[in-house]
Amino acid sequence: MSFTLIQQATPRLHRSELAVPGSNPTFMEKSAKSNADVIFLDLEDAVAPDDKEQARKNIIEALNDIDWGSKTMMIRINGLDTHYMYRDVIDIVEKCPRLDMILIPKVGVPADVYAVDMLTTQVEQSIKREKKIGFEVLIETALGMANVEAIATSSKRLEAMSFGVADYAASCRTRSTIIGGVNPDYSVLTDKDEAGNRETHWQDPWLFAQQRMLVACRAYGLRPIDGPFGDFSDPDGYISAARRCAAAGYEGKWAIHPSQIDLANDVFTPSEAEVTKARRILEAMEEAAKAGKGAVSLDGRLIDIASIRMAEALINKADAMKQAA
């Protein structure tokens, strides 16, 4: 291991992240009864300009009056390029002790996070707030992706990054047919077979961006979260997108509709078979250590110290999910 040790972010269950518009109190009440691990009450894209101030008041009331249980509660503030942002932070942080995190949209450079951190810190100090607010940032522009590693180290409040595929697609001028979906033109042809036939293999246009953000998160102790899948009438498409990210190492995925919550929870929950295998790895390595061995074979495969770290991470996640259940 490197001599440089990175502190891990505050651990939170983060399989599903539900987006709820702050302009709709009814949706907020319903979301509190959902199975979402994290809920963000939105002041940005889901709220029209004329409704911004009322949405802020709705969120303050909802955070104080609704029983949110053990969910992580977050607000998505307006962008730093608007005059709404500072009041979003001041009013809600001052008046809502239930608030856990702030989601900062369209982060392009580390200074964007620094600005919100400075304002949040001043509010916390002013009211002597006991619970420190955490940050999640949205990487949803070409500028943000170009600076993702620097952004990952921009604040000690930072806990997670989300990949905002819709605005990222617009920023990169990507030809996208659906938010988070793929495009048949983003494909490759195989060579011709003996009969002259060729097959078309669709590719994932978001792979590079998702992987780059994932590496930045894992390098600096943050939770990587995949963003929205726009067609909530296509559960198979959502599950496919979620599985790709889960296999790569993501912690969870957004749900823009209640029907996507349980899909995300299921995909990002380790299976019993995975947990059982992880426990067997730890048991096998414990026996190997007693015998003075640094590695051992299990089911015909070599396992070593790296296997222990992977197994422990999976078991810790499974245990956290049991406690939240």
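Is Lys106 buried, exposed or partly exposed? I began my notes with this residue, working from a predicted model.

**Entry 1: two positive phi values**

I looked up Lys106 and found it partly exposed, with a relative accessible area of 32%. I place Lys106 in the loop between β4 and α4. Its phi is near 50°, a positive value in a residue other than glycine.

I then turned to Arg173, which is not a glycine either and has a positive phi of about 60°. Arg173 sits in the loop between α7 (165–172) and β7 (187–189). I note Arg173 as exposed, its relative accessible area being 68%.

**Entry 2: the barrel**

I traced the sheet next. Eight strands form a closed barrel in the order β1-β2-β3-β4-β5-β6-β9-β10, and the pairing is parallel. On average, neighbouring strands of this sheet are turned by 25° against each other, direction ignored. I also checked helix α9 (residues 235–248), which packs on the sheet and touches β9 (223–226) and β10 (252–255). The direction of α9 makes about 150° with that of β10.

**Entry 3: strand β5**

How many residues of β5 are buried? I count six of six for this strand, residues 134–139, so I log β5 as mostly covered. From β5, Gly134, Glu136 and Leu138 point one way. Phe135, Val137 and Ile139 point the other way, and the residues of both sets are buried.

I followed the pairing of β5 to both neighbours. Strand β4 (residues 101–104) is joined to β5 by four bridges, and the two run parallel. Leu103 has Glu136 in β5 as its bridge partner. To strand β6 (residues 158–163), β5 is joined by five bridges, again with a parallel run. Here I find Ile139 opposite Phe163 in β6.

**Entry 4: Gln210**

Gln210 touches Phe163, Asp204, Asp226, Cys245 and Tyr250, if residues up to four places away in sequence are not counted. I record Gln210 as buried because its relative accessible area is 9%, and the cut-off for buried is under 20%.

**Entry 5: helix α3 between its neighbours**

Which residues of α3 are buried? I list Met85, Asp88, Val89, Ile90, Asp91, Ile92 and Val93. These buried residues pack against α2, β3 (72–76), β4 and α4. I took the two helix partners in turn.

With α2: the axes of helix α2 (residues 52–65) and helix α3 (residues 85–95) come within 10 Å and cross at roughly 20°. Angles under 35 degrees count as roughly parallel, and α2 and α3 are therefore roughly parallel to each other. I note their crossing as right-handed. On the α2 side I find Arg56, Ile59, Ile60, Leu63 and Asn64, and these meet Arg87, Asp88, Asp91, Ile92 and Lys95 in α3. By class, this contact of α2 with α3 holds four nonpolar, one polar and five charged residues.

With α4: the axes of α3 and helix α4 (residues 110–127) also come within 10 Å, and they cross at roughly 30°. By the cut-off used above, α3 and α4 are therefore roughly parallel to each other. I note this crossing, too, as right-handed. From α3, the contact takes in Met85, Tyr86, Val89, Ile90, Val93 and Glu94. From α4, it takes in Val116, Leu119, Thr120, Val123, Glu124 and Ile127. I sort the residues of the contact of α3 with α4 into nine nonpolar, one polar and two charged.

**Entry 6: Arg279**

Which residues is Arg279 in contact with, leaving aside its neighbours within four places in sequence? I find Ile315 and Asp319. Arg279 belongs to helix α11 (residues 272–290). I log Arg279 as partly exposed, at a relative accessible area of 33%. I also looked up its separation from Lys253, which lies 26 residues apart from Arg279 along the chain. The C-alpha atoms of the two are separated by 26 Å.

Conventions
Residues are numbered from 1 along each chain as its sequence is written. This is a predicted model: local features need pLDDT of at least 70, side-chain atom pairs count only at pLDDT 80 or more; totals for chains, interfaces and linings use all residues. Side-chain values use heavy atoms; hydrogens and water are left out. Axes are lines fitted to C-alpha atoms, for helices over the stretch in contact, and angles run from 0 to 180 degrees between N-to-C directions. Angles under 35 degrees count as roughly parallel, over 145 as roughly antiparallel, 65 to 115 as roughly perpendicular and the rest as oblique. A crossing is left-handed if the near helix is turned anticlockwise from the far one by less than a right angle, and right-handed if clockwise. Contact means heavy atoms within 4.5 Å. Ala, Val, Leu, Ile, Met, Phe, Trp, Tyr, Cys and Pro count as nonpolar, Asp, Glu, Lys and Arg as charged, and the others, Gly among them, as polar. Buried means under 20% relative accessible area, exposed over 50%, partly exposed in between (1.4 Å probe, protein chains only). Two strands pair if DSSP finds at least two bridges between them.
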